[in-house]
Amino acid sequence: MAVTFAATPRTQQESAPRPPRRRGRAARRTLIGWGFAAPATLVVVGLSIFPAVWAFFISRTKWNGIAPATALGWRNYERIVQDPDAAAAAKHTLVLTLLFVPGSILLGILIAVALNQKIRLLGFYRTCIFVPYVASAAATGILASFVFNPQFGAANEVLRRIGLPTQGFLENPNQALVVICLIALWGEVGFCAVIYLAALQDIPAELVEAATVDGASRWRVFLHITLPELRPVTVFTTIWQTITAMQLFDLIYTTTRGGPMNSTQTVVYYIYELAFQTQRLGYGAALAYLLFAVTLLLTLIVMWYSRRNGSESF
Amino acid sequence: MKWRLPFSPWHLLLMPLALIFVLPLVQMVLTSFMSAQEINQFPPKFIPTSLHLEGYRALLSESHIVRWFANTVLVSAVAVVSHLILCSLAGYAFARLKFAGRGLAFVVIVATVMVPMQLLMIPTYLMFARIGIVDTLAAAFVPWLASAFGIFLMRQFFLGLPVELEEAARLDGAGTLRTFVSVVLPLARPALATLAIFTLLSSWNDLLWPLVAISDDTKFTLQVGLASFQGTRRTEWSQLMAGNVIATLPLIVAFLVAQRRFIATMTFTGLKG
């Protein structure tokens, strides 16, 4: 790669020719240090910072990837504000995030607490609940479009058996986004549960015992001891799951491809369509930058809020 | 009078949940062995009457699925091996070696985690097009050669190791690389296993990037292949499910075999990532 060749010799030149002995040793250390660190650093930085800067320049142009780009200044960004498709996509991403993040955290805590009991079949439960996490989002999406198929899917069959009206699910514009959220929860909740389970097992047993001896009920112990102890982990899961929800792509691609009637077209899906289906690279890059800014802002807000409340996790 | 359940009430929560999580996967496997008629029957059936292999047979003869499987194995293998080497080297440098620019480089690496893939894919695609590796397998694995997460994970692990062993090796006259390879790496086995599993999961399951970078259907990875099937064979459910089984089973088997390690990996991602 061009980047690799350009950057490796430079770092060596900076440190190599220094005659006095002590300096020579420092230079040798730097050389060894970079020898260890440079390959991975170049891959990571070369494939993120460099394209990120490039994306910024692209975002200020009108470009289809082939013909010469036309400079637009900030006009792409101004257009996003007036674009009804972008607004709809932002709304869908917001709804998805607001359903997915609290859903996965509450369900994750519930499952973790249940798996932390000393009961039978625990190994069986654990395996069943965690196994969807290793299945890819693509496979999950294809499987889900079978299960939620209105005609012969299992979901409607269950509804029929218990005497409820059948649903359109992924083919109904009012339901598709919620169904996608449920599928995402199915695939990702195991991750939250594992983290909470580990956190629960880290809570000192003396804390719980002391409270129980003092006569606190199990529910009060949970509310006043367990939950506060889980707060730092919750900061992490909130950030992680928010990023997961905001960047959800694979599942939408393999279930609805943004439909029906654009009801599941999220921001990332819209960016994909702009850049790789309709070849509007500049506009797509501008939208991607806006998404990045929002993600960054949300992350900083959650971190600031948690720090203010004294539950640092980073 | 107090009435008591003969079993813990937690089962009332866990049993339905466990079934909701595992039954779709069971149905996936069962459906892959059904004939088209059986699948289209009404009311739907859950268990095939006999073992139909039509889905698998059609898949093997009409698509490049074997090729896709090999491609995915190759991409994931390169990703895992490269991650293990590059990230442990860099992680060790950032944890132990002192060199000019170390602090800055590490901060920049950690900051890259915030940049979303959607922002990078346009310029990365253009960059790969210029070097001429778009539409080759290299395009699929180059982004997986190393990751900020991997470097961070290894650094955290090395920071937690006692220095004395390394110092002893240095006193015995071993150089930095010798010390790293023969003293440090053997101690790092648990962290390396975690890194390998994490890389395997994410590179095997990646869809967005290979979808963007590869359009030649002999160079697809399994995930891209699955998605492309779905577009062309919307109603051939036995074939679609057979494809799903082929793409998912290796990871599920690996999960069942090494469950403890997998769960440790997920926890590590969560608590220290």
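**Note on a predicted two-chain model**

1. Start with residues 31-57 of chain A. This span is 93% helix and 0% strand. Its end C-alpha atoms are 34 Å apart. Helices (H or I, at least four residues) and strands (E, at least two) are DSSP runs, numbered from the N terminus.

2. A word on the source. The model is predicted: local features need pLDDT of at least 70, side-chain atom pairs count only at pLDDT 80 or more, and totals for chains, interfaces and linings use all residues. Residues are numbered from 1 along each chain as its sequence is written, while chains are lettered from A and ligands numbered from 1 in the order in which they are written.

3. The unreviewed UniProt entry for chain A annotates "transmembrane region" at residues 31-57, 94-115, 127-148, 176-199 and 281-305. UniProt positions follow the numbering used here, feature names are shortened, and annotations may be inferred rather than shown by experiment. Take residues 127-148 of chain A: the span is 68% helix and 0% strand. Its end C-alpha atoms are 24 Å apart.

4. Chain B has its own annotated spans. The unreviewed UniProt entry gives "transmembrane region" for residues 65-92, 104-126, 138-158, 179-201 and 237-258. Residues 104-126 of chain B are 78% helix and 0% strand, with end C-alpha atoms 28 Å apart. For residues 138-158 of chain B, the figures are 71% helix, 0% strand and 31 Å.

5. Now the overall form of chain B. It holds 15 helices and zero strands. Its radius of gyration is 24 Å, well over the 19 Å that the globule rule gives for 273 residues, so chain B is more spread out than a compact globule. The radius is taken over C-alpha atoms, and the rule is 2.2 Å times the number of residues to the power 0.38. Along its principal axes, the C-alpha trace of chain B spans about 75 × 75 × 35 Å.

6. Chain A is divided into domain 1 (2-47) and domain 2 (83-308). These bounds come from an automatic or database domain assignment. The C-alpha centres of the two domains of chain A lie 43 Å apart.
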